[in-house]
Amino acid sequence: MDANESLLPKVQVYEPLIPRQIMEGLGLERLKQEEEIQRYHFMRLLGSAKKVYFVYDDNPEKEKSRFIEEILWSKRKETGRSRVFSDSRARFNVAGILSRPPVIAKDKAVRAYLRDEFTLSASSIDAYLGCPLKFYYQYMLGLREKEDMLAEPEARDIGTFLHNFLETAFGEFLNKEPVIDEDFKKRFFNNFEIAFESKLLKRWGQESFMIKAIMRERLTRLLENERARPVRKVLALEERLPAQQLILGDQAYRCKYVIDRIDELPDSSILVIDYKTGSAAKEPAGLSGLSQMELNRQAMRQTIHSFQLPLYCYFAGKRYPSRRVNAALYSLREIECRYFIKPDKLDTADEVMDICLRALAQLIGEMMDPDCAFAADKSDERACGFCAFRAMCA
């Protein structure tokens with residue numbers, strides 16, 4: 001299958017660390033060796049077969065594999081005929097299959113599941129905020145991309161690694177003031193080396209030292225920031241809490257959540273932290289932007305961006321009813337906190353929270369509305385380009 005050039009043989013021409021010309025100058029012809037290895041396995045596979053079918057894409061932009069061309073040329077010389085293989089062409093008309101994005105009505109089973117069994121989370125709410133059809137595929141049907149354990153680590157693997165590592169590293173400060181001294185830094189980076197070697201090194205090849213150097217540099221900056229950031233006590237790390245009641249107006253919903261970290265600050269206030277290892281996530285707009293927001297999904301997506309921080313403040317407020325509560329996205333790339341309520345705007349906290357909860361009630365009401373179908377939202381082309389379900393949505 002896919003017996004086209006660039007797929008058979010599949011040889012990586014680009015060398016991220018050492019230019020190809022330097023490799024060849026040193027007598028290290030890795031590309032040639034790799035191609036010969038693949039040719040050996042390919043020819044050996046054919047040699048043990050009685051009947052072989054090659055399937056390839058034949059169009060002006062693609063060509064069949066050099067391995068097939070080699071076999072064709074050999075057979076032509078051997079037989080003296082130009083046509084040595086029988087071939088057939090297959091065409092599939094897919095133009096009418098998905099002429100428009102599907103619209104999924106909420107049938108009786110979906111309505112019952114939403115009403116009686118489904119448990120909300122920040123990620124599921126944000127998925128619906130971005131695209132109701134994506135929410136349906138991911139949370140109603142439970143569809144997931146197949147994970148390739150042999151593939152190179154992706155951003156989510158790095159995120160999982162750092163979350164687990166920081167939970168272990170800061171675990172010694174649980175219920176006490178964090179002290180970032182030289183002894184802690186030494187333990188911190190010793191443990192980092194051990195964790196990286198055991199969790200990520202084997203899945204990376206020659207690029208591992210570069211990735212580790214970048215991670216180490218950012219963790220160094222993180223510790224510098226943690227030493228400067230006033231924290232009285234670390235109250236929680238990586239908490240996975242059971243479903244809680246989310247009460248919005250006269251409606252109650254089940255909602256589960258995971259908290260990366262909770263800090264008690266010197267003024268006795270509570271700060272809920274969510275680590276972000278990828279590109280900069282957006283926190284909700286301030287009071288001036290929220291007060292002008294219309295209560296529809298498109299406006300919420302552009303103004304609130306994500307309901308994660310408002311939900312953290314809601315549940316932390318119930319957990320610490322006598323404390324002032326705030327939440328923040330802690331970027332491990334830029335090493336900075338992006339606060340839900342800006343430190344100089346704390347007097348607007350109640351108004352901001354009230355608007356966010358009214359918007360959340362409107363959004364969940366639409367999600368649960370039996371007459372509101374799950375339809376695709378294609379207003380964000382970039383999000384559609386990275387969506388796992390884009391092939392199912394014309």
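## Close-up views of a predicted model

**View 1. Helices α8 and α9 cross.** The axes of helix α8 (residues 182-199) and helix α9 (residues 208-228) come within 11 Å and cross at roughly 155 degrees. Axes here are lines fitted to C-alpha atoms, for helices over the stretch in contact, with angles from 0 to 180 degrees between N-to-C directions. Helices (H or I, at least four residues) and strands (E, at least two) are DSSP runs, numbered from the N terminus. The crossing angle makes α8 roughly antiparallel to α9 (the term covers angles over 145 degrees). On the α8 side, the contact includes F184, F188, F189, F192 and F196. On the α9 side, M215, L219 and L223 are among the residues that take part. Contact means heavy atoms within 4.5 Å.

This is a predicted model, where local features need pLDDT of at least 70 and side-chain atom pairs count only at pLDDT 80 or more, while totals for chains, interfaces and linings use all residues. Residues are numbered from 1 along each chain as its sequence is written, and side-chain values use heavy atoms, with hydrogens and water left out.

**View 2. K212 and E193 form a salt bridge.** Their side chains meet at 3.0 Å, N to O. A salt bridge is a side-chain nitrogen of Lys or Arg within 4 Å of a carboxyl oxygen of Asp or Glu. K212 lies in α9 and E193 in α8, so the pair ties together parts that are 19 residues apart in sequence. K212 is partly exposed, at 26% relative accessible area. E193 is also partly exposed, at 29%. Buried means under 20% relative accessible area, exposed over 50%, and partly exposed in between (1.4 Å probe, protein chains only).

**View 3. D116 pairs with R115.** The closest N and O atoms of this salt bridge are 3.2 Å apart. D116 is partly exposed, at 45%. R115 counts as exposed, at 57%.

**View 4. E336 meets R338.** Their salt bridge spans 2.8 Å, N to O. E336 is partly exposed, at 32%, whereas R338 is buried, at 16%. Elsewhere, salt bridges that share partners join E5, E35, E36, R39, R66 and E70 into one network. The structure holds 29 salt bridges.

**View 5. E238 is buried without a salt bridge.** E238 lies in strand β2 (residues 233-248). The nearest side chain of opposite charge, R240, is 5.3 Å away. Lys and Arg count as positive and Asp and Glu as negative; His and the chain ends are not counted. Leaving aside neighbours within four places in sequence, E238 is in contact with H163, E167, V258, I259, D260 and R261.

Key
Angles under 35 degrees count as roughly parallel, over 145 as roughly antiparallel, 65 to 115 as roughly perpendicular and the rest as oblique.
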